[in-house]
Amino acid sequence: MFQTVWVSSPGSWALRDSECHCGGKATSWKCRLVRTIIQHPRLRHDPKGPGRARMLKKIQICLGFIFISGILYEMSLLSGCFFSYVPVSKHFLTPEQVLNLGRSIIFLETTERLEPPPLVSCSVESAARIYQDRPIILFMKGLTNDTVLETNSSYAAFSLLSSMKNVFIFPLQMETIFQETPLLQWYNQVVPEQEKNWVHVSSDASRLALIWKYGGIYMDTDVISIRPIPEESFLAAQKSQFSSNGIFGFPAHHKFIWDCMENFVLKYNGNIWGNQGPYLMTRMLKAICNLTDFKGTEDHTCQNISFLNPQRFYPIPYPAWSRYYKVWNQSPSFNHSYALHLWNFMNHNRKAVVAGSNTLAEKLYKAYCPTTYEDLIQNAKLRNMTHSEDAA
């Protein structure tokens, strides 16, 4: 909440608390502006006549105009109503400052790689286009505060994503993220080198802690957004009576997420793939809800949590994941979907989007991450030119 000064009569001022409003409705975004107070000097009798008084009044009006203009400009930079980030200034914001704005879309990269591959780039770009009024944050474990990224072709994806006004790329610092959560004790005791599924387990833990602390939506880096998700507290059904943890959303400090973190530690078994992820979400949901099979495209609701139909994110189930990389006679409309999970874990990076292949995945890139797709085409042209020169 920021403080707004409303100027009244000369020699006095009135201070009011004000929240950001967008379309006449109060928003939950916090506008943190430095409180500035303008106090009008009291006009006294001047023997030089009313001319000087009129001049002082004009100066006051000009100062007031400048002040109001400054307030509106700051709101345009920081407010959720006018979400706009200046490309240079956004790099000076810390992860906590951006997360505290609320309603973030969060992605995680828990490997050490520094160059986001095309599917990761597409996922982040599509979210940035669909959720233009929300911060899109990519946390990368391989990135540190001391990392210097060269501006060359090997880091093209960084330039591509960083140029988007609402995309932020930050180092993933797990010890900081787990502070003040049940996960910190587990993290201090676990030995990553001895963990069979550490990349996945550490991601499962990090997403829970981030959503618990700050709220928002978590998405896997192989999820392509196609329309906004209207729900605030939701889990995504991968199939009837089984929840994924590849995409979910909750407000900050939601009890369900806290309970998930406690169960994560209590039932920890890093040797079983998914035990800390989709199986965790499923067993915690079943503990409070009587889950039934989905019929048609309806969603289920339990307490204050929406359990969204598999069609919302998984219209192509994981056994059929390769269909994304095939040519369709008629592409599906995905009218009942908010986003599409491309099952990169099943793919194991074997299949990729190839320019001109006319596959379903290529059409999704063209429609929802066109900048990534253009970069893909340019890279393909460069490779072809290099091969031609080597063959000559």
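Which residues does Ser203 touch, not counting residues up to four places away in sequence? Before selecting anything, note that this is a predicted model, in which local features need pLDDT of at least 70 and side-chain atom pairs count only at pLDDT 80 or more, while totals for chains, interfaces and linings use all residues. Residues are numbered from 1 along each chain as its sequence is written, and side-chain values use heavy atoms, with hydrogens and water left out.

Select Ser203 in helix H7 (residues 198-214), where helices are DSSP runs (H or I) of at least four residues and strands are runs (E) of at least two, numbered from the N terminus. With contact meaning heavy atoms within 4.5 Å, Ser203 touches Leu108, Thr110 and Tyr218. Ser203 is buried, at 7% relative accessibility; buried means under 20% relative accessible area, exposed over 50%, and partly exposed in between, using a 1.4 Å probe and protein chains only.

Next, turn to the salt bridges, each a side-chain nitrogen of Lys or Arg within 4 Å of a carboxyl oxygen of Asp or Glu; the structure holds eight. Select Arg103 and Asp133, whose closest N and O atoms are 3.8 Å apart. This pair links distant parts of the chain, 30 residues apart, with Arg103 in the loop between helix H2 (95-99) and strand E5 (105-109) and Asp133 in the loop between helix H3 (118-130) and strand E6 (136-140).

Then select Arg129 and Glu125, a salt bridge with closest N and O atoms 2.8 Å apart; both lie in helix H3, four residues apart, about one turn of the helix. Arg129 is partly exposed at 38%, whereas Glu125 is buried at 0%.
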